[in-house]
2 protein chains.
Amino acid sequence: MKLSKRGEYALRALIDLGIASELGRPILQISELAAKEKLPVKFLEQIFTQLKAGGYVESKRGKLGGYSLGKKMNRIKFGAVIRLIDGPLAPIPCVSQTAYARCTCPDEAHCGLRMLMLDVRNAISKILDRYSLAEIVDITLRKMRRDKVSPAFAARALNLQALLGSLPAASPQKTLIGRVSNAAQR
Amino acid sequence: MKLSKRGEYALRALIDLGIASELGRPILQISELAAKEKLPVKFLEQIFTQLKAGGYVESKRGKLGGYSLGKKMNRIKFGAVIRLIDGPLAPIPCVSQTAYARCTCPDEAHCGLRMLMLDVRNAISKILDRYSLAEIVDITLRKMRRDKVSPAFAARALNLQALLGSLPAASPQKTLIGRVSNAAQR
DNA sequence: ACAATTTCTACTTGCCCGATAGGATTTCAA
DNA sequence: TTGAAATCCTATCGGGCAAGTAGAAATTGT
């Protein structure tokens, strides 16, 4: 009943992307994502081409490029993402709603395994097809603030701030950084 | 979120074994199981050595040999069988109760993916660790009788009956066959 | 004792997943 | 206009799973 590494990494990255976006950094680079979650960079790269093909992220090439979310967060359901990356949620194909396929068993209507696995599929779907990225990001941020933990991309924000310290003070990005560090300290 | 073929075949075979046992045929051969469910014979063979090692079946070698259930049916929980064959139920190792392992994420307490997958794991476990083979076999047989479908090993029973027709009429196995064919016709 | 049947054990093939590597292309900035 | 930095594209490798093949070991019926 495993979620593949592809799927796991994809969800991790999307959640981070959502958190960062909520904190005012809508675009992130793969190297950042990989560093925060300790994922293999090149592998994540491949996964993101899949996510882009599915419309879940948009890319900007070249220097200062990166990835941003391709849909509104409340439109990104976890079940759909997993289906894109890993295929159907159902443990066996004969109980899948989105990719049904006959099993080897001769009589589906009286197959004990089938009715058991149908229950399992529905239980999984009830969770993964209901929750959206928006809710998970919201809950995660709330938990972090409650426990006074600095959110994932606070460190990056501090680095940028230090970097900008050696530049002219009236940088147009200062408000952005301000929002990020405020949220990080809270 | 897939169940492996090994796991699927193992469960199919156990259910058949339970049904046959309930109908008075406690021991079945791998060739029979494979024929009914259309499974690769030699692959099933390997799976049964695993099931035997786990204590879920017992084997009898030689002519008229085969496999029978190794525990009472209400002691065989599907979750345990799947764990033996496929490993933990949990989609990711950091939410597994039986085989916990740290994830790559830096802070488990505030990991959005983790709490989501913990929900999924619990939903799966709530089904697979509660239902036992006895219940599934019972429900399946009830469904079959209600819909007037002849249970899985009725054909075999008829063959035996035809075979016994050319033998002395007062065969001691006649009551057994009677039970099987009665259940099949009802 | 022998032959048939069946479980056991080992090896092999093909395929997909996870991961790595290198280069091509695009973009921004100096 | 050059170079750095990032996404893109393609090829490859190792390992485990599904499935098939071959044969040995054990037990029962005749």
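Chain A can be laid on chain B by a turn of 180 degrees and a shift of 0.0 Å along the axis, with an RMSD of 0.1 Å (least-squares superposition on the C-alpha atoms of residues with pLDDT of at least 70 in both copies). That is the relation of a two-fold axis. Within chain A, A:M1 comes closest to the rotation axis, its C-alpha lying at 2.2 Å. The model is predicted: local features need pLDDT of at least 70, side-chain atom pairs count only at pLDDT 80 or more, and totals for chains, interfaces and linings use all residues. Residues are numbered from 1 along each chain as its sequence is written, and chains are lettered from A and ligands numbered from 1 in the order in which they are written.

In the interface, 36 residues of chain A are in contact with 36 residues of chain B (C-beta atoms, placed from the backbone, within 7 Å). On the side of chain A that touches chain B, α5(A) gives the most, with nine residues. Of the interface residues of chain A, 100% are also interface residues in chain B, so the copies meet through the same surface.

Helix α5 of chain A covers residues 112–128 (helices are DSSP runs of H or I, at least four residues, numbered from the N terminus). Its buried residues are A:G112, A:L113, A:L116, A:M117, A:V120, A:R121, A:I124 and A:L128 (buried: 20 or more other C-beta atoms within 10 Å of the residue's own, with C-beta atoms placed from the backbone). Seen down the axis of α5(A), they fall within an arc of 160 degrees, so they line one face of the helix (the arc is that of the directions from the helix axis to the C-beta atoms). What covers them includes α4 of chain A and, from chain B, α1, α4, α5 and α6.

Key. Helices (H or I, at least four residues) and strands (E, at least two) are DSSP runs, numbered from the N terminus. The expected span of a helix is 1.5 Å times one less than its number of residues. A residue is buried if 20 or more other C-beta atoms lie within 10 Å of its own, exposed if 12 or fewer, and partly exposed in between; C-beta atoms are placed from the backbone. Two residues are in contact if their C-beta atoms, placed from the backbone, lie within 7 Å.
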